[in-house]
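Subject: Structure for you to look at

Hello,

Here is the structure I said I would pass on. Please open it and keep it beside this message while you read.

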Amino acid sequence: MKIAILGAAGRMGNMLCKLADKSETLELVAKCDVTEDYAKTWPAGTEAVIDFTFHAAVPANITKAAEEGVAYVLGTTGLTQEEQAAVDAAAKKVPVVQSSNYSLGVNLLLDLVRRAAATLDEEYDIEVVEMHHRMKKDAPSGTAIMLAKAAAEGREVDLDDVAIYGREGIVGERPSGEIAIHALRGGSVVGDHTVMFAGDVERVEITHKAQSREAFAAGALRAAEWTAGKAPGLYSMRDVLGFAD
Ligand SMILES: NC(=O)c1ccc[n+]([C@@H]2O[C@H](COP(=O)([O-])OP(=O)(O)OC[C@H]3O[C@@H](n4cnc5c(N)ncnc54)[C@H](O)[C@@H]3O)[C@@H](O)[C@H]2O)c1
């Protein structure tokens, strides 16, 4: 399969190119980036594009891919509602895989968190804590939001009704049922996430620590291969892994 990588000069792009170069089934036909020495776009004949760039860059690229019938694997996070609408529109024309986290471990965690939230009632307070390297541009991480959504699904509530993002000042007692999300930044941390269920007599913590960007890159390449022959639609990494309900 002929693939192109967008954001090839970046942290994730570098890892994706390294793994794609070693692949026996994928042919890397374009390393695209806005920086010097990189292709500006992908050539005709490209079958799938993998995008790990910047949220504002997504609409133009995904719309072009949809017009050309090229499948899209989207890893870029922090999209606005308007940018997400461009992704949804493209998914009507081509297969689009979108995930804030392409690692096997985090996709397993989503199931564990959903189950824990369904089992442990509102006497257990849910706090999601993430930490990433100091260069990360969006907060909280897309993965923290996915995990908070999984917890809300387990509780059968809408995350928007119960979420708070950080605390400051005289916030008063913690209401039960709240799901809080906190973002830490520093150093070179690839990506740590903990979902905590804090009760009066015990505390359950479910943690994932990515040790290398290879965890995400390998998943994104697997997702690109998976798009072959798929109908247009918006898919998740859980579909790719066969975890979807
Ligand atoms: N889904 C996942 O599993 C996952 C994992 C890690 C990071 N991410 C996300 O991927 C994105 C990139 O992360 P990173 O750490 O590699 O960032 P980075 O800043 O190191 O790299 C981004 C690259 O994209 C390039 N770029 C910007 N606009 C572009 C455009 N229009 N066309 C082509 N290239 C363009 C930049 O020049 C840069 O080289 C972020 O949104 C991050 O949150 C997702």
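Predicted model: local features only at pLDDT ≥ 70, side-chain atom pairs only at ≥ 80, totals over all residues.

Residues are numbered from 1 along each chain as its sequence is written.

Helices (H or I, at least four residues) and strands (E, at least two) are DSSP runs, numbered from the N terminus. Strands of a sheet pair through backbone hydrogen bonds, either parallel or antiparallel. Two strands are said to pair here if DSSP finds at least two bridges between them.

Angles run from 0 to 180 degrees between N-to-C directions, and axes are lines fitted to C-alpha atoms, for helices over the stretch in contact.

Strand E1 (residues 2-6) is joined to strand E3 (residues 48-51) by four bridges, and Ala-4 stands opposite Val-49 in E3. E1 also pairs with E2 in the parallel sense, over five bridges; there, Ile-3 has Leu-28 of E2 as its bridge partner. A residue is buried if 20 or more other C-beta atoms lie within 10 Å of its own, exposed if 12 or fewer, and partly exposed in between, with C-beta atoms placed from the backbone. E1 is largely enclosed by the rest of the structure because four of its five residues are buried.

The five-stranded sheet

The order of a second open sheet is E7-E8-E6-E9-E10, five strands with mixed pairing. E7 and E10 (203-209) are the edge strands, each pairing on one side only. On average, neighbouring strands of this sheet are turned by 15° against each other, direction ignored. H4 packs on the sheet and touches E6, E9 and E10. E6 and E8 pair in the parallel sense over seven bridges, and Val-128 has Ile-181 in E8 as its bridge partner.

H5 has 14 residues, and ten of them are buried. Among the buried ones are Thr-143, Leu-147 and Arg-155. The buried residues pack against H4 (104-119), E6, H6 (159-162), E7 (163-165), E8 (179-185) and E9 (192-198); a contact means C-beta atoms, placed from the backbone, within 7 Å. Glu-156 follows H5 and has a positive phi, near 60°.

Met-135 is in the loop between E6 (125-132) and H5 (142-155). Why does Met-135 count as exposed? Met-135 counts as exposed because it has 9 C-beta neighbours inside 10 Å. Its C-alpha atom is separated by 8.5 Å from that of Gly-187, 52 residues apart along the chain.

The ligand shell

There are 25 residues around the ligand, and Gly-7, Gly-10, Met-12, Ala-57 and Gly-75 come nearest. A residue is near if its C-beta atom, placed from the backbone, lies within 6 Å of the molecule. Helix H1 (residues 11-22) gives the most to this shell, with three residues.

Regards

Note on methods: Contact = placed C-beta atoms within 7 Å.
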